[in-house]
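Keep the sequence and the 3D view side by side as you read.

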Amino acid sequence: METLIKKNHADKQLGLGILIVVIGSVFLLRNTGVDVPHWILSWHTVMLGAGLWIGYRRNFTGGGWLALTLIGAIFTLKDITIFDFALSKITTAMFLIGVGLYVIFKPKTYKSFNQPFEKKPVDFTTTGS
């Protein structure tokens, strides 16, 4: 069990290290005069990255990371000028597809109601008076 915890910690350290190297590389390229697109260092790209990072840290369970990632992805895709089509026409469809994929691939938790309820003895020794 301890080796599993150490491996999980090492994996998270690796992810954080890669993230810091990527951010540093973008700043280095920008400061040396390389034309870095403006959307790379914008608020929505940070939101996208934060959503993915939180999802990675929590093994992609829960829904908070998904909301951050979807909002960041939608605004980042709107800001990228490579696309020649109007992204606002497909935003709702992309959002619904993303939510559908989340519902399909989220971790399954089953609660069994077939087992009889556990009977607990009632304690009459304590009284309210």
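**A pocket and the helices around it**

Let us start with the largest pocket: the largest share of its lining, 7 residues, comes from H2. Helices here are DSSP runs of H or I with at least four residues, strands are runs of E with at least two, and both are numbered from the N terminus. You are looking at a predicted model, where local features need pLDDT of at least 70, side-chain atom pairs count only at pLDDT 80 or more, and totals for chains, interfaces and linings use all residues. Residues are numbered from 1 along each chain as its sequence is written, and side-chain values use heavy atoms, with hydrogens and water left out.

Back to the pocket. Its lining has 14 residues, and those nearest the centre are Leu19, Ile23, Thr45, Val46 and Gly49. Helix H1 (2-31) and helix H2 (43-57) each supply at least two residues of this lining. The volume of the largest pocket is about 350 Å³. A pocket is found on a 1 Å grid over the protein atoms alone, as an open set of points where a 1.4 Å probe fits, with protein on both sides within 12 Å along at least five of seven lines; lining residues have an atom within 4 Å of a point. Grid points are joined across faces, edges and corners, and the volume is the space filled by probe spheres set on the points.

What classes of residue make up the lining of the largest pocket? There are 12 nonpolar, 2 polar and no charged residues. Here Ala, Val, Leu, Ile, Met, Phe, Trp, Tyr, Cys and Pro count as nonpolar, Asp, Glu, Lys and Arg as charged, and the others, Gly among them, as polar.

Now step back to the whole chain. The protein chain has 4 helices and 0 strands, running α-α-α-α from the N terminus on. Of its 129 residues, 16% count as buried (buried is under 20% relative accessible area, exposed over 50%, partly exposed in between, with a 1.4 Å probe and protein chains only).

Next comes helix H3, residues 64-79. Its 16 residues reach 23 Å from the first C-alpha to the last, close to the 22 Å expected at 1.5 Å a residue; the expected span is 1.5 Å times one less than the number of residues. The buried residues of H3 are Trp65, Leu66, Thr69, Leu70, Gly72, Ile74 and Thr76. Ile74 has a relative accessible area of 16%, and its C-alpha is 9.8 Å from that of Thr45, which is 29 residues away in sequence.

Where does Gly51 sit? Gly51 belongs to helix H2, and it is buried, with a relative accessible area of 0%. Leaving aside residues up to four places away in sequence, Gly51 touches Trp65, Leu68 and Thr69 (contact means heavy atoms within 4.5 Å). The C-alpha atoms of Gly51 and Ala67 are separated by 7.4 Å.

Finally, visit the loop between H2 and H3, where you will find Asn59 and Phe60. Most residues other than glycine have a negative phi. Asn59, though not a glycine, has a positive phi of about 55 degrees, and Phe60 likewise has a positive phi of about 55 degrees. Asn59 counts as exposed at 54% relative accessibility, while Phe60 is partly exposed, with a relative accessible area of 38%.
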